[in-house]
Amino acid sequence: MSDTVNVTLDVECCIGCEACHELCPDIFGFNTDDEKAFLITDSGPRDCIEEAASTCPEECIAYEE
């Protein structure tokens, strides 16, 4: 099992709760103009990304090896 995973974010489904940005600020940014998260990078530490994905209320975050 790799400690790094690839991550995708469905920006259209994002409701702007900022949970992913608060949990993984090196992976997820937040655009205050449109109140949506965005990806800073497309991969990162498994533990942080798994937590962000499980916290997202709209299930906008997906990841894979």
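**Exercise 1.** Is His-21 buried, partly exposed or exposed?

*Solution.* The model is a predicted one, and the values below are computed from it. Start with the position of the residue: His-21 belongs to helix α1, which covers residues 19-23. Next, take its relative accessible area, which is 26%. Since buried means under 20% and exposed means over 50%, with partly exposed in between, His-21 is partly exposed because its value is 26%. The C-alpha atom of His-21 is separated by 13 Å from that of Glu-50, a residue 29 residues apart from it along the chain.

**Exercise 2.** Describe the order of the elements in the protein chain and its overall dimensions.

*Solution.* Begin with the elements, which are two helices and five strands. Read from the N terminus on, they follow the order β-α-β-β-β-α-β. Then turn to the dimensions: along the principal axes, the C-alpha atoms fill a box of roughly 35 × 20 × 15 Å. The radius of gyration of the protein chain is 11 Å, which agrees with the value near 11 Å for a compact globule with 65 residues. Finally, consider the contacts with a separation of 6 or more, of which 59% are between residues 24 or more positions apart.

**Exercise 3.** Compare the phi angles and the exposure of Glu-18 and Glu-59.

*Solution.* First recall that most residues other than glycine have a negative phi. Glu-18, however, has a positive phi near 70 degrees, and Glu-59 has a positive phi near 55 degrees. Now locate the two residues: Glu-18 sits in the loop between β1 (4-9) and α1, while Glu-59 sits in the loop between α2 (46-55) and β5 (61-64).

**Exercise 4.** How many cavities of 30 Å³ or more does the structure hold, and which residues are closest to the centre of the largest cavity?

*Solution.* The structure holds one cavity of 30 Å³ or more. The largest cavity contains about 100 Å³ of space. Of the 14 residues that line the largest cavity, Cys-14, Cys-17, Cys-20, Cys-56 and Pro-57 are the closest to its centre. Sorted by class, the lining of the largest cavity has twelve nonpolar residues, one polar residue and one charged residue.

How values were computed
Residues are numbered from 1 along each chain as its sequence is written. This is a predicted model: local features need pLDDT of at least 70, side-chain atom pairs count only at pLDDT 80 or more; totals for chains, interfaces and linings use all residues. Side-chain values use heavy atoms; hydrogens and water are left out. On a 1 Å grid over the protein atoms alone, a cavity is a set of points where a 1.4 Å probe fits but cannot get out, and a pocket is an open set with protein on both sides within 12 Å along at least five of seven lines; lining residues have an atom within 4 Å of a point. Grid points are joined across faces, edges and corners, and a volume is the space filled by probe spheres set on the points. Ala, Val, Leu, Ile, Met, Phe, Trp, Tyr, Cys and Pro count as nonpolar, Asp, Glu, Lys and Arg as charged, and the others, Gly among them, as polar. Helices (H or I, at least four residues) and strands (E, at least two) are DSSP runs, numbered from the N terminus. The radius of gyration is taken over C-alpha atoms; the globule rule is 2.2 Å times the number of residues to the power 0.38. Contact means heavy atoms within 4.5 Å. Buried means under 20% relative accessible area, exposed over 50%, partly exposed in between (1.4 Å probe, protein chains only).
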